[in-house]
Amino acid sequence: MGISIITTDTISRINAVDKTITTDTLNALNTINILGHDISMGDIQHTFFWSVIINLAFAFFLAWLAYIFTKKILLRIVTRFIKKTKTNWDDILLQKRFFRKAAWFAPAIVLYYYFNYLGHWKFSALIQTALMVYMLVLTIILVNTILDAINDIYNSFEISKNKPIKSFIQIVKTFLFCIIAIIIIGQLIDKSPLAIITGLGAFAAVLMLIFKDSILGFVAGVHLAANNMLRIGDWISMPSYGADGEVMEISLTIVKVRNWDKTIVTIPTYKMVNESYTNWRGMEESGGRRIKRHVNIDVKSIKFLNNEDIEKFSQYKLISEYIKNKCEEIKEENNSESLPVNQMRLTNIGTFRIYLDEYLKQHPLIHDDMTFMVRQLQPTDRGLPLEIYGFSKVQSWVEYENIQSDIFDHIMAVIPEFDLRIFQFPTGEEFKMIR
């Protein structure tokens, strides 16, 4: 059996097949050859094929062990420790599955440093780049989870209803995501992140267009927070967007409103500064809810009171004192006047207005320390509007409507007692009577 030394020409041919073969490896092959073993190119390719398979298998085995150790042992220890603590923030991180997501770092780190150890292997750099991108993407996921947890922790405090920070959290997310995206692109194209940022300056106008809503939303969010214009839980009305309900969420780009019919309306955040809307928070903070409703009195039923009417109304407890005092005043004024047209006289509409005023003053659910009146509005072709203007002590919608209905039930029923009629257009029954 002859002895053949691997020559420089053979080395060049071998390196053409696999450039990861080092001089030490070739010396080892020469030693094997000298010992009497013939080595062909096929043998070398076969040997290094299996070398790659074994390296990959061993690398992924180590990564699997790291993941199992992190998830099955370390994660359980952390979970038990968190459940025993009295703080709330770590429980929120656990609910957000932060630690489970962080466990995926372990196999990636093991693989990265393993292939870094195999630096002479031609696939090491490629795999390390892929692992670096994977870890950066995982970093984005973890940062997103942490920021969401911070928002949830903040929302557990009472101040969050007045000063929500979700829009600012989204700004931080956008900034960090852009930074990490630039780093990922730099890894893939082997460029410095600073060089990429410099190149993006030429696309500033395009970026402004892409992030227009986010920029406008951020500026609007600052205005809303600084001027205390909008809070989560506020009742707002914005007819241009069909919004009439409670604010559920204030984010960087949208304000989410749940209408009273349970539909959801989304409004661009910057529209809350550019356009008008009604915020009913002032009503809620005042402790009262306005009642502003009228009934139309048929003007043909309005008249002066005669002695019989005065006698009857003087028996009504709510206005008996008023009738007594008013009759004495009228008697003094009319001593020198003989013509009825020149005399001061009571009317049924005026007496009824005083009755309503006294009735509402004694109502237990009407605010007597807020604006309150019973007034006449401009007469129209539908009669004389008699309006109730006041504030109920109850703000809850259902109870408020019940109070308002009870008041007007009484008004409708008591109007005939004052010889007044409610105006309404003729119905079929009236036309039948004409026939």
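A charge is taken to sit over a ring if NZ of Lys or CZ of Arg is within 6 Å of the ring centre and within 35 degrees of the ring normal. By that criterion, Arg293 lies over the face of Phe408, at 5.3 Å from the ring centre. The structure is a predicted model, in which local features need pLDDT of at least 70 and side-chain atom pairs count only at pLDDT 80 or more, while totals for chains, interfaces and linings use all residues. Residues are numbered from 1 along each chain as its sequence is written, and side-chain values use heavy atoms, with hydrogens and water left out.

**Aromatic rings and charges**

- Arg345 lies over the face of Phe304, at 4.3 Å from the ring centre.
- Rings of Phe, Tyr and Trp (its six-membered ring) pair if their centres lie within 6.5 Å, and planes under 30 degrees apart count as stacked, over 60 as edge-to-face and the rest as tilted; the count comes to 12 aromatic pairs.
- Tyr316 and Phe418 form an edge-to-face pair, because their ring centres are 5.8 Å apart and their planes stand at 70 degrees.
- Tyr316 lies in the loop between helix H14 (307–313) and helix H15 (320–333), and Phe418 in the loop between helix H17 (397–414) and helix H18 (428–434), so the pair ties together parts that are 102 residues apart in sequence. Helices (H or I, at least four residues) and strands (E, at least two) are DSSP runs, numbered from the N terminus.
- Ring pairs link Phe313, Tyr316, Phe352, Tyr355, Tyr359 and Phe418 into a cluster.

**Accessibility and cysteines**

- Buried means under 20% relative accessible area, exposed over 50%, and partly exposed in between (1.4 Å probe, protein chains only).
- Phe418 counts as buried at 0% relative accessibility, whereas Tyr316 counts as partly exposed at 22%.
- Cys178 is partly exposed at 32% relative accessibility, and Cys327 is partly exposed at 27%.
- The structure holds 0 disulfides, a disulfide being a pair of cysteine sulfur atoms within 2.5 Å.

**Nonpolar cores**

- A nonpolar core is a set of buried Ala, Val, Leu, Ile, Met, Phe, Trp, Tyr and Cys residues joined through side-chain atoms within 4.5 Å.
- The largest nonpolar core has 31 residues, and those with the most contacts inside it include Phe352, Ile411 and Phe418.
- Two or more residues of this core come from each of strand S6 (289–297), H15, helix H16 (348–361), strand S8 (384–392) and H17; the largest share, 7 residues, comes from H16.
- Ile411 touches Val295, Phe352, Leu356 and Ile388, not counting residues up to four places away in sequence; contact means heavy atoms within 4.5 Å.
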